[in-house]
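Me: I'm new to reading protein models. Could you walk me through this one, feature by feature?

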Amino acid sequence: MSQYFDDLETRTPAARAEALAVVLPQQVARAQALPGYADRLAGVDAASITRIEDLVRLPVLRKSDLGRAQGKNAPFGGLTTREPGTFAHVFQSPGPIYEPGGTDHDWWRMGRFLAACGIGKGDIVQNCFGYHLTPAGMIFENGARAVGAAVLPAGTGQTELQVRAAYDLGVTAYAGTPDYLKVILDKADEMALPLKITRAAVGGGALFPSLRQEYADRGIACLQCYATADLGNIAYESATMEGLIVDEGVIVEIVTPGTGDPVAPGEVGEVVVTTLNPDYPLIRFATGDLSAVLEGVSTCGRTNIRIRGWMGRADQTTKIKGMFVRPEQVADLVSRHNEITRARVIASREGEMDVMTVQIEATGGDEASFASSVAAALKLKGRIEIVSKGALPNDGKVIEDQRSYD
C-alpha cells in the first residue's frame, strides 16, 4: 500500500499555487453568493483572490460569528451551498453550534491522515471517538472508508466490552483521544487478552511524548492530527513526526491574535483556516488556536507547509481591575504607533490589588505618549515597560495573566 493518499500531497509548490489560483477565487465567489456572507464579502472582487497572501483583504470569521449567523438563519447561518436536508448528517457542538456533515468520499479529509498512519485495506479500526451529537466519530469513520478500512463504531466507555471486541475481531488500528487507548490496553492486560493493535490515529487532546513512547514500547505507532468540528482535518503527522503537514483541502494562515494580520514567518499566532469544501465554504475561519509555521518541508515526501501543532488558545481575554482586556485592543494599541512592533499586557497582583503592566517593543517613541495610547486603547491605566525589539517571547501571547487563583 502506498504511504500517500493521493498525488496532491507530493505536488511542487508551483503546481500547488497554480491549482490554488483556480479554486480559491471560485470558493470565494461561492461564499459571496450565500446570505451568511452577503455583508462580510460585499464589494470583494473574488477573481482577484488567487493567492494565500490575497486573503488578508477579507474579514476573519469567528466562532461567535457562526453562532450569531445561525441565530438569524438556522441551522447553518446561511453559510452552506446545500439545503440542510440534503446533508447526510447534522451535528450539534457546545454553544450550541450546528455543523453539516457528508458521507461523500473523504468529505472531512481524514483519509489523508489515516493513510499517513499506514491504515488501509484489510485493517479494522476501533473508532473510539463519540458518535453522539458531535461529529468526531463520523469524521474518522468517513476517513476509514476513504482508505478502505473496516470500522468498529465503538464510541466511548464500556472498556471491558471494547477490549473483548478488539480481541474477538482482531482489531489492528485505534482511532480516538490519545489517552483512552492506554485505558483499553491496560484493561486488556488485566483481562489477559492480547490485542493486535499496531497503529493509532489520535486527536482531540494532547499527545504527550511519554505517552507516545509508551505506545511505541508496546509496538504501536501513534500519530496525531489537528481537526475541528467545523473544518474537519486541518493538518496531520506523518511517520517522520516532523510537525503537522497542512491538508491539501484547506489553506492555513497564522495571524496576530485579535486581528487578521499575518505574523512574520516562524512567529506564533492564531490559526486561521479557509476550507475548499464546496458544500461549506468557511472563509478565514479563526480557530482560536495558536501555532506557528515550520520552515522547509517534511522528509516524508509530502510538500505542503507544516505547522508546529497546538500551542495554546488565542482568546486571551482577561479581566483586570474589573475591566475586560481583549487581544484586539492590544492590536489597536500597536497600530497607534509606527514605532511599536509588538506589545504584551501582563496582569499581576500587588497588595491584593490588580496591576496592569504593558511591555512594548519599540524602536523609538516616548513613555508618556505610549501611556496615553494604553489608556485610550485598553480603557485602563498601567505601567509602561519599553523593551528592545525581539525581547518579548515568541509564544503568541499578547495578554499574560500572572495572578494565582489557588
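Predicted model: local features only at pLDDT ≥ 70, side-chain atom pairs only at ≥ 80, totals over all residues.

Me: What box do the C-alpha atoms fill?

Reply: Roughly 75 × 55 × 40 Å, taken along the principal axes.

Me: And how many helices and strands does the protein chain have?

Reply: There are 9 helices and 20 strands. To see how the chain folds back on itself, look at contacts between residues at least 6 apart in sequence: 62% of these join residues at least 24 apart.

Me: How do I read the inside? What share of the residues count as buried?

Reply: A residue is buried if under 20% of its relative area is accessible. Here that applies to 50% of the 406 residues.

Me: Which residues have the most contacts inside the largest nonpolar core?

Reply: Tyr-37, Leu-66, Ile-234, Val-252 and Leu-282, in a core of 32 residues. Helix H1 (13-32) gives two or more residues to this core, and so do strands E8 (232-236), E9 (244-246), E10 (250-255) and E11 (269-275). A second, separate core has 28 residues, including Val-125 and Phe-140.

Me: What does Ile-234 touch?

Reply: Leaving out residues up to four places away in sequence, its partners include Tyr-226, Ile-245, Val-252 and Thr-287.

Me: Last one: how many charged side chains are there, positive and negative?

Reply: The protein chain has 40 positive and 50 negative ones, and the centres of the two sets lie 2 Å apart.

Key. Residues numbered from 1 in each chain as written. Heavy atoms only, no water. Helix = DSSP H or I, 4+ residues; strand = E, 2+ residues; numbered from the N terminus. Buried < 20%, exposed > 50% of the residue type's maximum accessible area, 1.4 Å probe, protein only. Contact = heavy atoms within 4.5 Å. Lys, Arg positive; Asp, Glu negative; His and termini not counted. Charge placed at Lys NZ, Arg CZ, Asp CG, Glu CD. Core = buried A, V, L, I, M, F, W, Y, C linked by side-chain atoms within 4.5 Å.
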